[in-house]
Structures are given as structure tokens and as C-alpha cells.
There are 2 protein chains.
Amino acid sequence: MGKQATEMLKGTLEGIVLALLSGRAAYGYEITAWLRDQGFTDIAEGTIYALLIRSEQRGLVDVEKVPSEKGPPRKVYSLNAQGQDYLNEFWRTWSFLSERLEQLREGGR
Amino acid sequence: MGKQATEMLKGTLEGIVLALLSGRAAYGYEITAWLRDQGFTDIAEGTIYALLIRSEQRGLVDVEKVPSEKGPPRKVYSLNAQGQDYLNEFWRTWSFLSERLEQLREGGR
DNA sequence: TCCAACTACTCAGTGACGCTTAATACCGGT
DNA sequence: ACCGGTATTAAGCGTCACTGAGTAGTTGGA
């Protein structure tokens, strides 16, 4: 991904992670690895952790500390009701933006 | 648009404006009005001007001062070759992001 | 045994971007 | 003379992703 990606990810990355969490609970290291797998090769380690902490402070996710077989305990995050509302709102905003952009790309204007 | 829009616009708004300019030259006031028309009702007056100045400083657009029939002279911006390259790169990044998001929305993961 | 590699999380500092708000300026109509 | 629409500029703010460094536990090889 290009250098423009950093700015474009703002706001979107949060939605991506919450969408992932709406499917299943996950912990930071796992999410980072998954994102890398999906092609987000430049996502920095620390970025996801910061994002998760922000989401927790806003009450969008619930956390449970789970001991790991290998390494320090994991903080497993899951989307709660408020987070689901927020995610729905995210999809609405994304749809709006996406439609405008697609319209601009084809036909132009 | 919701409150999430502000963050999601980062990086994207620039692409939107450059895409518009790739179709035809335009000046700040006009662009702002057009965006409002397109549903970006919350776009602040000053935002577009700042964006245009940034784009100019990066050499993505050319500027021409044109007297207006009604009001102060207009600064008419048009996309140059470097700006077109940048715009192409923008579309690549957008496509990537868009595909991931669409994939996440359907099926999930 | 020691050390490298992998797992897993934390935190302080940085830069870019869009937003807010206010100011400046030119014009036409009343 | 004043007001509203046109048109641009600029200073200060908050949020987010990135950087880079640090802490810690586990596993496997030299």
C-alpha cells in the first residue's frame, strides 16, 4: 500500500477492527497478524493496541484477560451492544462515502 | 453524515477534490458548494482552501488567478501531470481498501 | 546455560489532516 | 451607508495512525 494509505486508514481502521470483532472475539496480536495477512502489511504493531485501548475507553468493546499457552496473558476483546451500534453507524458513513467515490471514478462528476 | 465522517474523510477528501479537478478546473468556493450539493453538508468552508493550498505546495495542481464578476478574484485550480499520478495512486489505495471493506461487510472475514 | 526468536502488550512523542472561528476583501442593491 | 452574497486566508485544536523503544513470558537450539 502507498503512502496515502496512512491518512485513508484514519477512521476506517477502527471500523475494520470492530467489524472483525463483530464476527468473533480476538486479541491484539492476533488482529495485527490477521490484518497483515489481509494485505495491510504496513500496519504497525503498536497501532492496533492503541486502537483497542481507545475503543475500550469509549465502551465499544468488552475485555477479558485470558492466559496464553505461549507468552504473556492475552487481552481478548469482543464487541458489545454499544459497539454494534457504532459499527452500524460506521457502515452507514462508509456507504455514503463509497457511493460518492464510485460515482466520481466512473463517469466523473 | 455522522461524527465518524471527519476521521474517515482524512486522506479521502483530498482524493475527491483531485478527482473533481481531473474533470475540470475549479476554484475553492465552487468546490465547497459542489461538495455540499453532493451531500457533504458538514464540510467547513476553510477546509477546502487549506486542502487546495497543500495540494499546490506539493505541486499536484496549477493555479491561475481569474477576476470574478461578483466578488474578489478567484484562484482557479487544475490538475497537472504530477497530480494525475497522485490521483491514480489514490485510486489504487482506495480500491484496495474498498475491496477489504466490502469483503468484511458481506460474509464477514 | 544462554540467547535468539516468537508471543503479547505498553507508552511517549510525532506529523498530517480536517474542523473551528475569525478576519479580510470585493461587489451589487436598497 | 449598509448588508448579503461571493471569495480567500490564517491561527489554533483534537484525533488518529506511525515510530521506536521497552517490558515480559515461553520455547528451542547452540
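1. Helices (H or I, at least four residues) and strands (E, at least two) are DSSP runs, numbered from the N terminus. The model is predicted, so local features need pLDDT of at least 70 and side-chain atom pairs count only at pLDDT 80 or more, while totals for chains, interfaces and linings use all residues. Residues are numbered from 1 along each chain as its sequence is written, chains are lettered from A and ligands numbered from 1 in the order in which they are written, and side-chain values use heavy atoms, with hydrogens and water left out.

2. A salt bridge is a side-chain nitrogen of Lys or Arg within 4 Å of a carboxyl oxygen of Asp or Glu. Over all chains, the structure holds 14 salt bridges.

3. In helix H5 (residues 81-105) of chain B, Glu89(B) and Arg92(B) lie three residues apart, about one turn of the helix. Their side chains meet in a salt bridge of 2.9 Å, N to O. Glu89(B) is buried at 16% relative accessible area, whereas Arg92(B) is exposed at 53%. Here buried means under 20% relative accessible area, exposed over 50%, and partly exposed in between (1.4 Å probe, protein chains only). Lys3(A) is linked with Glu89(B) and Arg92(B) in a network of salt bridges.

4. Glu14(B) and Arg58(B) form a salt bridge, with the closest N and O atoms 2.8 Å apart. This pair links distant parts of the chain, 44 residues apart: Glu14(B) is in helix H2 (residues 12-23) of chain B, and Arg58(B) is in the loop between helix H4 (45-57) and strand E2 (61-66) of chain B. Glu14(B) is buried, at 10%; Arg58(B) is partly exposed, at 41%.
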